[in-house]
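Welcome, and thanks for taking a look at this one with me. Here are a few points to read alongside the model.

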Amino acid sequence: MESDLLTYLDNYGELTLDRVPFNEVDALIFASLSYPKYHEIINNIERCDSSTLLRLIDEYDDSLLTERKKFNITLLQRVCSSSRYKDMEVLHYRHSLNKDICEQFQAVTFLFSEHIIVSFCGTDNTVVGLKEDLNMSYLKITPSELDAMNYLKEITSLYRDKQLILVGHSKGGRLALSSGKSIADKTLIRDIYTFDSPNYSDEFYDKEYMKLDKKVHNYVPEDSIVGRLINEPKNPIIVKSRNSLLQQHDISSWIIIDNHLLTSVDGYSKQSTKISKALNHNLEHYDYGTKKLFTDTLFGLLDRLDIHEFKGKSENLAMLKGTLKQLPAEWKNTPKSDRAVLRKMLFEMIKVYLFGEEK
């Protein structure tokens, strides 16, 4: 799997952070490094230096991983072996997947001499993670956001002499911003980098948020969909990707020139605006109860169809073939009123997308 992130490491990997200061591409790399399952690599070691981690990666069997997950391991390996990051330590990895409260949370901290990078993981390939994303459209706070706040509180209590850099891709960016806002002493935070992350309703952007506003850097691709959910991002930096549409959500596809992301002069694409309008129509025009019923019905149906995780393309196709046989019966077993809400919201979304119609 090719990526400009690896090219960046080829060009800048031997240049220390003293020579070339931390930048947006470094932030993008560490947002990507929130995804590996560190408990499988470091065997629950609470603190691990880069040389030890490099040895453990060499011993790690990644043969069953998808290409995307293998790329994250390769990226981690390259980071650990570079002069740029060789003095870092990996600390306080946390992971939680709880179906009962609909939570998928993962975070890891990277310690450097002058600062620490706290990286929050985005949505993984689990159905629980996807449902939690939809829950963000009607809940003021989700379980993973609470975990992120507690996690950052723990980190700041341990390293009060370090400046914080918070990073996250997709939902991870939202966790970075939610937890950053929750910290009483915001002078501890140097920067917050979010990459194509879902946003908040207007009330989130209050006086407390304004204390962070100049430290927040929102990056979204031209075809952004996730990054325009719920609300438009504040002061977005729109960047170019080698992919199109939803595949632009993959940050390994974003174009890097030297040590910065290539920005777009044209702004969002028409398709991005059209899809975002259709999705946000439902998020704006339905009340809490209806959105909760829609989410519970949709994911309840997936649960009864025994769909709990999305894997590679071939595995997903095989799963789809199997569930198509079960779908009519499970649809019939869904209460009529719930089916009606599901149909109505999906129809409204499609109508807005195709015809630009709103209530």
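1. Helix H8 (residues 171-182) lies across S3, S4, strand S5 (163-169), strand S6 (189-195) and strand S7 (216-221), and runs at about 150° to S5. Contact means heavy atoms within 4.5 Å; angles run from 0 to 180 degrees between N-to-C directions, with axes fitted to C-alpha atoms, for helices over the stretch in contact. Helices (H or I, at least four residues) and strands (E, at least two) are DSSP runs, numbered from the N terminus.

2. A word on the source: this is a predicted model, where local features need pLDDT of at least 70 and side-chain atom pairs pLDDT 80 or more, while totals for chains, interfaces and linings use all residues. Residues are numbered from 1 along each chain as its sequence is written, and side-chain values use heavy atoms, leaving out hydrogens and water.

3. The open sheet has eight strands in the order S1-S2-S3-S4-S5-S6-S7-S8, with mixed pairing; two strands pair if DSSP finds at least two bridges between them. Its edge strands are S1 (47-49) and S8 (236-239).

4. Aspartate 206 sits in the loop between S6 and helix H9 (207-210), so the pair ties together parts 25 residues apart in sequence.

5. Is lysine 181 buried or exposed? Lysine 181 is buried, at 13% relative accessible area, whereas aspartate 206 is partly exposed at 33%. Buried means under 20%, exposed over 50%, and partly exposed in between (1.4 Å probe, protein chains only).
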